[in-house]
Amino acid sequence: GQDITEKKQAERVQTALADDLARLIDTANAPIFGIDNHGAVTEWNQMAARLTDYTKEDVMGKNLVEGFIMSEYKASVKEVLDRALNGRETNNYEFPLFTKYGTRREIL
């Protein structure tokens, strides 16, 4: 009865909120990417795609540092990402990566 109705309503609200947040991330006016604990890309918004020419499909599941960061910055970018994954805050960090067509881009 009542408990099931309330639970379904709560699930609908939660789903709507998750959809809103996903849309906000995807359409943000800044590049946003996410990685899992192994460094594999789990999120790649439209601005990241626009700046790098890599589509979401191009990058999903691939290692961000190994596949998309310039060689001389791989160690420092990996260190910053590892700190973030372990819950340690890092100030804004700018790093270069190559676009799909070899152009260097600075990403903040």
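Because the model is predicted, local features need pLDDT of at least 70 and side-chain atom pairs count only at pLDDT 80 or more, whereas totals for chains, interfaces and linings use all residues. Residues are numbered from 1 along each chain as its sequence is written, and side-chain values use heavy atoms, with hydrogens and water left out.

The charged contacts come first. A salt bridge is taken as a side-chain nitrogen of Lys or Arg within 4 Å of a carboxyl oxygen of Asp or Glu, and by this rule the count is 7. One of them joins the side chains of E43 and K56, with an N to O distance of 3.2 Å. This pair links distant parts of the chain, 13 residues apart: E43 belongs to strand 2 (residues 41-44) and K56 to helix 3 (residues 56-59). Helices (H or I, at least four residues) and strands (E, at least two) are DSSP runs, numbered from the N terminus. For accessibility, buried means under 20% relative accessible area, exposed over 50%, and partly exposed in between (1.4 Å probe, protein chains only). E43 is partly exposed at 23%, and K56 is likewise partly exposed at 28%.

K100 lies in the loop between strand 3 (95-98) and strand 4 (104-107) and D58 lies in helix 3, so the pair ties together parts that are 42 residues apart in sequence. K100 is partly exposed, with 38% relative accessibility. K74 and E66 form another salt bridge, with 4.0 Å between the closest N and O atoms. Here K74 is partly exposed at 21%, while E66 is exposed at 52%.

L24 is exposed at 56% relative accessibility, and its C-alpha atom is separated by 9.5 Å from that of N45, 21 residues apart along the chain.

The text now turns to the spaces in the model. On a 1 Å grid over the protein atoms alone, a cavity is a set of points where a 1.4 Å probe fits but cannot get out, and a pocket is an open set with protein on both sides within 12 Å along at least five of seven lines; lining residues have an atom within 4 Å of a point. Grid points are joined across faces, edges and corners, and a volume is the space filled by probe spheres set on the points.

The largest pocket holds about 380 Å³. Of its 16 lining residues, F33, V80, L81, Y93 and F95 lie nearest the centre. Strand 1 (33-35) and helix 5 (74-85) each supply at least two lining residues, and helix 5 gives the largest share, 5 residues.

The structure holds 1 cavity of 30 Å³ or more, and the largest cavity contains about 40 Å³ of space. Its lining consists of P31, F33, W44, A48, T52, L64, F95, L97 and I107. Helix 2 (46-52) and strand 3 are the elements that give two or more residues to this lining.
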